[in-house]
Amino acid sequence: LLECPGPRPASGAVWACAPSESMPTMLPVADSAQLLAATAAVIGGRLHAALVHEGEPDLIALFAQEAKDWLPLGELRIPGAKASTKPSLAFVGEDIMVATDEGFVLRRRLSDGATVGSAHHAVRHEGAAWQGACMTHHGPEPRIAHLR
């Protein structure tokens, strides 16, 4: 893992990134493991990571930084997941959001696991190529944008 201090540089400029002295050197993944999805964010002053391994495509593994190690926080099931599911993960504030190519979207609070939002959308139609989903914050209510 690298740290890139300071503000984001202008387009075409170089960001001076270097290995972190305060974070783990890598994500909590075995060398031979293949990830289907991953996200990381600093929440409450600690680095958090969420991972979906190829061997368990229906499960999100959650971790938090503890000094230079990773502390397991728990696991979440991916709604409607099957072997061919393509998940997308994002931390949104202090929540985790997962969206799948099948149109399932789930947002859960990390502090207590409560479901903040859940939906199933029809995303399959001719010419569509699902890529992922993210939160948008335009207007008074946050919305989910499916990227195709």
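Reply: Start with the largest pocket: E6 and strand E9 (104-109) each supply at least two residues of its lining. Strands here (E, at least two residues) and helices (H or I, at least four residues) are DSSP runs numbered from the N terminus. The model is a predicted one, where local features need pLDDT of at least 70 and side-chain atom pairs count only at pLDDT 80 or more, while totals for chains, interfaces and linings use all residues. Residues are numbered from 1 along each chain as its sequence is written, and side-chain values use heavy atoms, with hydrogens and water left out.

Me: What makes a space a pocket rather than a cavity?

Reply: On a 1 Å grid over the protein atoms alone, a cavity is a set of points where a 1.4 Å probe fits but cannot get out, whereas a pocket is an open set with protein on both sides within 12 Å along at least five of seven lines. A residue belongs to the lining if it has an atom within 4 Å of a point. The largest pocket has 15 such residues, and Leu62, Leu73, Arg109, Leu110 and Ser111 lie nearest its centre. E6 gives the largest share of this lining, with four residues.

Me: How much space lies in the largest pocket, and what counts as its volume?

Reply: The figure is about 240 Å³. Grid points are joined across faces, edges and corners, and the volume is the space filled by probe spheres set on the points.

Me: How many helices and strands does the protein chain have?

Reply: The chain has zero helices and twelve strands. Its pattern along the sequence is accordingly β-β-β-β-β-β-β-β-β-β-β-β.

Me: How do you know which strands pair in the open sheet?

Reply: Two strands pair if DSSP finds at least two bridges between them. E3 and strand E4 (residues 46-53) have eight bridges and run antiparallel, with Ile43 as the bridge partner of Arg46 in E4. Strand E5 (residues 59-66) is also joined to E6 by eight antiparallel bridges, and Gln65 stands opposite Trp70 in E6. The order of this open sheet is E3-E4-E5-E6, with antiparallel pairing. Strand E3 (35-43) and strand E6 (69-77) are called edge strands, as each pairs on one side only.

Me: What is known about the turn between E3 and E4?

Reply: These two strands form a hairpin with two residues between them, and Gly44 takes a positive phi near 60° there. Another hairpin, of E7 and E8, also has two residues between its strands, and Gly93 in that turn has a positive phi of about 60°. Six antiparallel bridges join E7 to strand E8 (residues 95-100), and Thr100 in E8 is the bridge partner of Pro87.

Me: What makes the phi of Ala67 worth a remark?

Reply: Most residues other than glycine have a negative phi. Ala67 is not a glycine, yet its phi is positive, at about 60°. Ala67 sits in the loop between E5 and E6.

Me: Why is Ala67 called exposed?

Reply: Exposed means over 50% relative accessible area, buried means under 20%, and partly exposed lies in between (1.4 Å probe, protein chains only). Ala67 has 58% relative accessibility, so it counts as exposed.

Me: Why is Leu106 called buried?

Reply: The relative accessible area of Leu106 is 10%, which is under 20%, so Leu106 is buried. Leu106 lies in strand E9. Contact means heavy atoms within 4.5 Å. Not counting residues up to four places away in sequence, Leu106 touches Arg77, Pro79, Ile96, Met97, Val98, Thr115, Gly117 and Ser118.

Me: Is Thr39 buried or exposed?

Reply: Its relative accessible area is 17%, again under 20%, so Thr39 is buried. Thr39 is found in strand E3. Leaving aside neighbours within four places in sequence, Thr39 contacts residues including His48, Leu89, Phe91 and Ile96.

Me: How do you know that strand E7 is mostly covered?

Reply: Six of the six residues in strand E7 (residues 87-92) are buried. In a regular strand the side chains alternate between the two faces of the sheet. In E7, Pro87, Leu89 and Phe91 are buried on one side, and Ser88, Ala90 and Val92 are buried on the other.

Me: How many of the residues in the whole protein chain are buried?

Reply: Of the 148 residues, 32% are buried.
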